[in-house]
Structure formats: structure tokens, C-alpha cells
Amino acid sequence: MKTLYDKLWDEHHIHSFDNGYSLIYIDRHLIHEVTSPQAFEGLKQAGRNIWSKKSIMAVPDHNVPTKMRENGIKDPISKIQVDALDKNCKNNNLLKFDLEDIRQGIVHVVGPEQGILLPGMTVVCGDSHTSTHGALAALAFGIGTSEVEHVLATQCLLQKKSQNMNINVVGEMPNYFYSKDLALLIISKIGTAGGTGFAIEYTGNAIRNLSMEARMTLCNMTIEAGATTGLIAVDEKTISYVNGKPYAPKEEEFKKASEYWRDLKSDEGAHFDKTIEIDVSKSSPMITWGTSPEMAVAVDDKLPDLDDERFISKRDDLVNAFSYMGLKEKQNVNSIELDKIFIGSCTNSRIEDLRVVADIVKNKKVAKNIKSAIIVPGSGLVKEKAEKEGLDKIFKKSGFEWRSPGCSMCLGMNDDKLSEYERCASTSNRNFEGRQGRLSRTHLVSPATAAAAAIHGHFVDVREII
Amino acid sequence: MRKFKTFESIAAYIDRKNIDTDAIIPKQYLKAVTREGFGENLFDDWRYLEPGNLGDDHSLRKKNPEFFLYNPKYRGAKILIAGDNFGCGSSREHAVWALMDYGFDVVISTSFADIFYNNCFKNGLLPIALHQQQINKLIKVTGSNENLITIDLSNQIIQTKNFEIKFNIDARRKEVLIEGIDDISETLKLSDKIKDYENKKALKTPWMFNS
């Protein structure tokens, strides 16, 4: 009896070394401009070739401008990096979606959208949020640049098998509690190192009821719990999601593949090294208040009480976080006023996210105290779809800026960032010190909570304003 | 990769848990296309009082006198001691490059994030996981007059004037550091096995090899 992770591992296992390591085959390699130039350079210096060019998909996303794109990349240093990706892909004849291509977008939005990565594959990228693709039951994880080079040269990685963790989520998810809230709830319970050394599989009726995009959001945030891999078994939703995607198999081959995919689930009675059960039926939307994704509270709760016994061992961290964030213990969540709103990132920039936002902001205006509220779709195709549905008009009428796709303010490598001490409701994945700009203050929330905050200028319980 | 040799150094201690790779090397420096020169920007946000960018002359930026590495007692430290869950967050290998470029050869913590830990061994940086009590003993050493610490990877020993600590590391990772092994060359020795695997899989799951 095997877990899903065991099955994916065994299926890609090439060789066992007597030191406990294995050689694992990699089916898909996603590449972006930030973590790849040194790998291509290393390959060149060593005089090595790319093992499998057709396993690679490249797209610039981290450094790209999200407005006035027709003017090209203004920042000369960013331009060098994007040009380097261009050159490396052209020289090696690799599949790449250029800035002008409607398929361009955030690598973790584009990959599934194109059907380039499929259930049962091993997928890597020099980016920790590669965990996203576990939503398709792909064994997907982030790697460093040396390993990018290793995969380019050998199509393999040397790996030690992780332990298996099961997070079983039961109960019906309440209205306005999304998979982003679920992710933050899980991280607040197990901590940012809770999943270190594990591959997590999410199971339970609450997971089965999630859409594919919502599953991607949850798996995406798995790395914030310390696990590089977050998996969800294949079901009919997975198969119908893949069906018709440009690079997915077609017709007879699709049928054959579907049969194979349907077995991508843990066997009944398979052994997990650790199991956690979470009942979400009474959960509230979540927000992070501090400088680590685990520093999260329910929107109807107060910020932590430093005298609370549960926080004794973490007191210094909490004091530090309160100070950095300019907040006080026991403060009400709805007393937190905001400067900027960011809706986007590989966590929450897909069409369903945008629809949720549009529903909430329709016929309402962004509050006067909000200096800027930007919506950055995950890909050109998401953007196109949103525009066909008229969502862009709703956003613009409400006072949001409607941008072009990229990682944008999630990490502020382009011009989209926070100034010092600015406070942002962000649908991204990290609230670390300085993440969105030096001395910036980030609150991680779902698109619904970010949208509600945009309208009110401070955090509100989205359930109360509908 | 250079070979890891036994050495003696003082250790610098930062009393902070969950140090993420964004803190170790902020985003704006990831625009570089080489592996060198990140040391000047190690812990950049904590270290300078003014913002900085790739290509700036960082010697002109106002320094934070409180920054732990500016403490004279830590000058020249090749060993970094930090709180739990070091290296969490982004997969950026630049974090390892920055630590090494600054001069660190060893990082000691109770635990490391998986991707960071892996990245260390690709570059010759040794991460050592110890129990909190053992770390507490080492922290005392950093504040004392007899603050030299020897890191002996071959024998897996941290030696100080008054005590020694044995540490665990898996045999393969140890060998990689001591011999300076290039993983890619090792893997390419198995090229035939990789090709066999591809041939078998192309029959079983041909759609995985479409493009």
C-alpha cells in the first residue's frame, strides 16, 4: 500500500545509491529569468549540453513591468536578466513565451494553463512555489540554481525521499472562507517549519470540493509550511481540468493517460508518518498580522496577547513582529488601516480569484485612503478571459488599476513595490520583513478579504459587508 | 567545488528564528546574472540604514551600527549561529552565495529549511543542526575570551577550548563537501540508466514525452 507521494517517487526512481540517495527522473522543467542565468552559464563553462530540450518551458515573470509594457523594460538591470533568458532559450531552441505573447505570465499560472505539466509528472523550477503543481498530483518542488543546472544537464536530481504527511480537511468550508484562508489556517497551526522534511498530501471532503484553481492556491502555500511538496490526488475535476489544454494529450492518448492518472491517489491504508485533521466548518477568513506566514489570526479575532501562555516560547518573535508591523497586541483586526492593495501572484491571480474580487467590488469604490489598488492577472490568457467577462471594467470603475501579468508586488523585483512603512493587503504568499519593499508591511489575505479591505480602507470581515 | 577543510574561527551569533532567504539576500540583488559579489548585501535590510540597489557603491551607504556582524567581537567570523528554521522561504541559492561570499563556511542552527539545506551542499557551505542546549553552549563561547571554535567535518566534531560537540550529517553530504564532488559529473556516469529509463517510460506513458 502506497501513498500518492510513494507512487510518484517509485514511478520516477532510476537508481538507488547505497548512501540512501536516489536518482529521480524529472519530466518537466519550468524556467524563469531570475534563477536560471547562472545555471546556463555553468552548463556552458563545463561544456555540457541540455539533456532534454523538450522538457523545458521558459517564461519571464519576476522582473517584468506590469504597466506600459509596450515601452519595454525600463530598468536596465532587469532588462539584462530578461534578455539573458531570451538568449539562453534562443541559443538552445527552448519553448519560451515572450513578453509580447498572450501566453506569458507567472510561471506557475502558465504551466498548468498550457497543460505543459500533467498529473503524474515530476516538475521542478528554480522557485519554491513550484509546489503549486501538486494540485494536479504532480510531484512538484522548488530547487536552487545548482539543481537547475543539474536538471538541464542530466534530466535528473539526487534526492532523499521525504516523509509522508497527511492533512485531512473535513467539514464544509463556510462562505467566504477560501483555500487561501485554509492555507493560512494550516500554517498558523503547524508553523512555517511544520512540514520540513515532509511531502504533504491534502485529503478530505473539503479538498475534494475545491476547484482546481483553489487546490493550486493551497498547494502553492505548502512551502510556507516548510514542505517543498503539497499533493492532491487525481479525481474527475483534475482530468476535466487537463482536458483540452494546448499541450495536453488528445483523443485516444488522453483516454489512455486518464486511466493512468486515475490511479494517482493514496491506497487505502497507506502509511503516513504524520497525520493532521482539521475541521473547517466553523472557520473564519484569515489574515496575517506579522512577519511570518504562521503569524495569522481569524478576521473576527484579535491580534495575539503577549501574556498568552501559548506564545511564551515565541514572545521575542512576536514583539519583534509587532514592532516591525507597527501594530499592538490585542488590537482588533478591523482597526488595521491600509495604504495599498495587491491582488495577484502565483497564489491568487487566476480567473476564479478575479471573479471573486469583481463580485465584491462591483458598483463600489476603493476607499480614499488607499493610495493604490492593483490587480495583476496571472497570465495574458487570464487577462483576456477577465476582459471578455467584463471584469476589467468593474475593476477600473471601482478605482483599481488593471495590469499586465507578472509576479509584480509579491516580491517587488519590478517597479511594483511598497514604500517604507506602507501597509498592504496582499493576496500573495510571503509577509517577511522587506518582502514587498524595504520596511514594507504585508498582510496576507484571500482575494475576497483584500477586495473588501480595498473598499473600506481597513480590514473588515468580508462576511459582514455582503 | 572547493574541498571543505578543517578550520578554526570565531563564531557570530544572531538571536533570531525563522531567518528567511529574503532577509539573507533581498530581491533587488537577485537581478545579477553571476554567482559572485553577494557578500556586500548579506542581510542588506538589517545592515544598512539606507536603501540600496545592485550596482551601488555600498561602502557609501549608511551602516546600521547595531547590526550584529559589525560587532568587533565577530570580525572575521566564518561560523554563523542562528535561531530555528534558518533559510526558510524562497529557493534563491543567492542566499548561500551571499553567506559564503561574506566569508561564512558553516551555519549552525537547530533546523534548516529543506531547499536552503540542499543548496548549501551544492556550494560547499556546511549547515550543522544541533540541539538547543548545544547551541547555548556555543553561544557562551562566542561571548568569552576563548572564543575560537574548530570545525572538523571528517570527524564530525565541533571543538572549543573546554568541550567538544559531535554532530550528525549524512555520509553522502559529508563526502560531497570533503571531496568537493560535482554532482553533475557523478550523475552523468549513470547516463545509460537514464536513457534506459526514458525508453521504458516512453512506451508506458508516451504523453509525458510530448512537447
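**Note on the predicted model of chains A and B**

1. His15(A) touches Ser22(A), Leu23(A), Leu190(B) and Lys193(B), leaving aside residues up to four places away in sequence; two residues are in contact if their C-beta atoms, placed from the backbone, lie within 7 Å. His15(A) belongs to strand E1 of chain A. Helices (H or I, at least four residues) and strands (E, at least two) are DSSP runs, numbered from the N terminus. His15(A) is partly exposed, having 16 other C-beta atoms within 10 Å. A residue is buried if 20 or more other C-beta atoms lie within 10 Å of its own, exposed if 12 or fewer, and partly exposed in between, with C-beta atoms placed from the backbone. Between His15(A) and Asn49(A) there are 34 residues in sequence and 22 Å in space, C-alpha to C-alpha.

2. On conventions: this is a predicted model, in which local features need pLDDT of at least 70 and side-chain atom pairs count only at pLDDT 80 or more, while totals for chains, interfaces and linings use all residues. Residues are numbered from 1 along each chain as its sequence is written, and chains are lettered from A and ligands numbered from 1 in the order in which they are written.

3. The sheet that holds E1(A) is open and has three strands in the order E1-E2-E8 (chain A), with antiparallel pairing. E1 and strand E8 (156-159) of chain A are the edge strands, each with a single partner strand, so one side of each has no neighbour in the sheet. From one strand to the next the twist averages 25 degrees. Strand E2 (residues 22-25) of chain A is joined to E8(A) by four bridges, and the two run antiparallel; strands count as paired if DSSP finds at least two bridges between them. Leu23(A) has Leu158(A) in E8(A) as its bridge partner. H8(B) packs on this sheet and touches E1, E2 and E8 of chain A, its direction making about 150 degrees with that of E1(A). Axes here are lines fitted to C-alpha atoms, for helices over the stretch in contact, and angles run from 0 to 180 degrees between N-to-C directions.

4. The interface between the chains brings 48 residues of chain B into contact with 59 residues of chain A. On the chain B side, helix H1 (21-24), helix H4 (114-121), helix H6 (171-179), helix H7 (183-188) and helix H8 (191-204) each supply at least two residues. That side of chain B divides into 17 nonpolar, 15 polar and 16 charged residues. Ala, Val, Leu, Ile, Met, Phe, Trp, Tyr, Cys and Pro count as nonpolar, Asp, Glu, Lys and Arg as charged, and the others, Gly among them, as polar.

5. H4(B) is mostly covered, with eight of its eight residues buried. Its buried residues pack against E7 and helix H5 (145-154) of chain A, together with H1, helix H3 (94-102), strand E5 (126-129) and H6 of chain B.

6. Strand E7 (residues 139-142) of chain A is covered on both faces: Leu139(A) and Phe141(A) on one side, and Ala140(A) and Gly142(A) on the other, are all buried. Four bridges link strand E6 (residues 122-125) of chain A to E7(A), and the two run parallel. Opposite Gly142(A) in E7(A) stands Cys125(A).

7. E7 also figures in the cover of helix H1 (residues 4-11) of chain A. Six of the eight residues of H1(A) are buried, so the helix is largely enclosed by the rest of the structure. The buried residues are Leu4(A), Tyr5(A), Lys7(A), Leu8(A), Trp9(A) and Glu11(A). Their cover includes strand E1 (13-16), E7, strand E9 (163-170), strand E10 (198-203) and strand E11 (229-231) of chain A.

8. Chain A is divided into domain 1 (4-162 + 244-261), domain 2 (163-234 + 266-279) and domain 3 (286-465); these bounds come from an automatic or database domain assignment. The C-alpha centres of domain 2 of chain A and domain 3 of chain A are 22 Å apart. Their contact takes 18 residues from domain 2 of chain A and 18 residues from domain 3 of chain A. On the domain 2 side, H6(A) gives the most, with six residues. By class, that side has seven nonpolar, seven polar and four charged residues.

9. As a whole, chain A has 16 helices and 19 strands. Of its 466 residues, 61% count as buried.
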